[in-house]
Amino acid sequence: MSAVAKGAAKKQDDGRKLIASNRKARHDYTIEDTFEAGLVLMGTEVKALRMGRASLVDGWASFTGDELWLEGVHIPEYVSGTWTNHTPRRRRKLLLNRKELDRIAHKTRESGHTIVPLQLYFKDGRAKVEIAIAKGKKEYDKRHALRERQDRRETERALGANRG
């Protein structure tokens, strides 16, 4: 996915307006299952997101009781906000149906599984976050994945050079 333009979110083909992407998550974790969740946000958070400002790098999700909460995601304060501004790293409730919450809770009880945010975007005017059930990669797995990607690129370059 290409980098987001400075100060504005990027429009995708399927009507999604991408705000932030956590590319590091795909490097650090093996993604097993993904879900789309709504977010409970304050007004100033929505305005800051519409300006294309957010960071998912340190984010994760956890259960408190039977509710799923997004934590560690940084949505900076709205520049024109007053005393109603939000705290940048506050906990935000995720909106999923009960069946999805039960499935996520069941899978994360297994050892080594966690919930990480992959993308933050607007879909039909509503803020959504794509979360994933993931298992942490070991250092040698990361090196192996990088080596495979590099080998694939070199092969494609060699094939492209032979054609031209």
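These legends walk you through a few close-up views of a predicted model. Residues are numbered from 1 along each chain as its sequence is written, and side-chain values use heavy atoms, without hydrogens or water. Local features here need pLDDT of at least 70, side-chain atom pairs count only at pLDDT 80 or more, and totals for chains, interfaces and linings use all residues.

**View 1. Strand E7 and its two partners.** Strand E7 covers residues 113-123, and nine of its eleven residues are buried, so the rest of the structure largely encloses it. Two strands pair if DSSP finds at least two bridges between them.

**View 2. Lysine 123 and the hairpin.** Lysine 123 of E7 stands opposite arginine 16, and its bridge partner in E8 is arginine 126. Two residues lie between E7 and E8 in this hairpin, where aspartate 124 takes a positive phi near 55°.

**View 3. Charges over rings.** The charged end of arginine 16 sits over the ring of tyrosine 121, 4.0 Å from its centre. Arginine 91 lies over the face of tryptophan 69, at 4.5 Å from the ring centre. To count, NZ of Lys or CZ of Arg must be within 6 Å of the ring centre and within 35 degrees of the ring normal.

**View 4. Aspartate 28 in helix H1.** Aspartate 28 belongs to helix H1 (residues 23-28) and counts as buried because its relative accessibility is 19%.

Technical notes
Helices (H or I, at least four residues) and strands (E, at least two) are DSSP runs, numbered from the N terminus. Buried means under 20% relative accessible area, exposed over 50%, partly exposed in between (1.4 Å probe, protein chains only).
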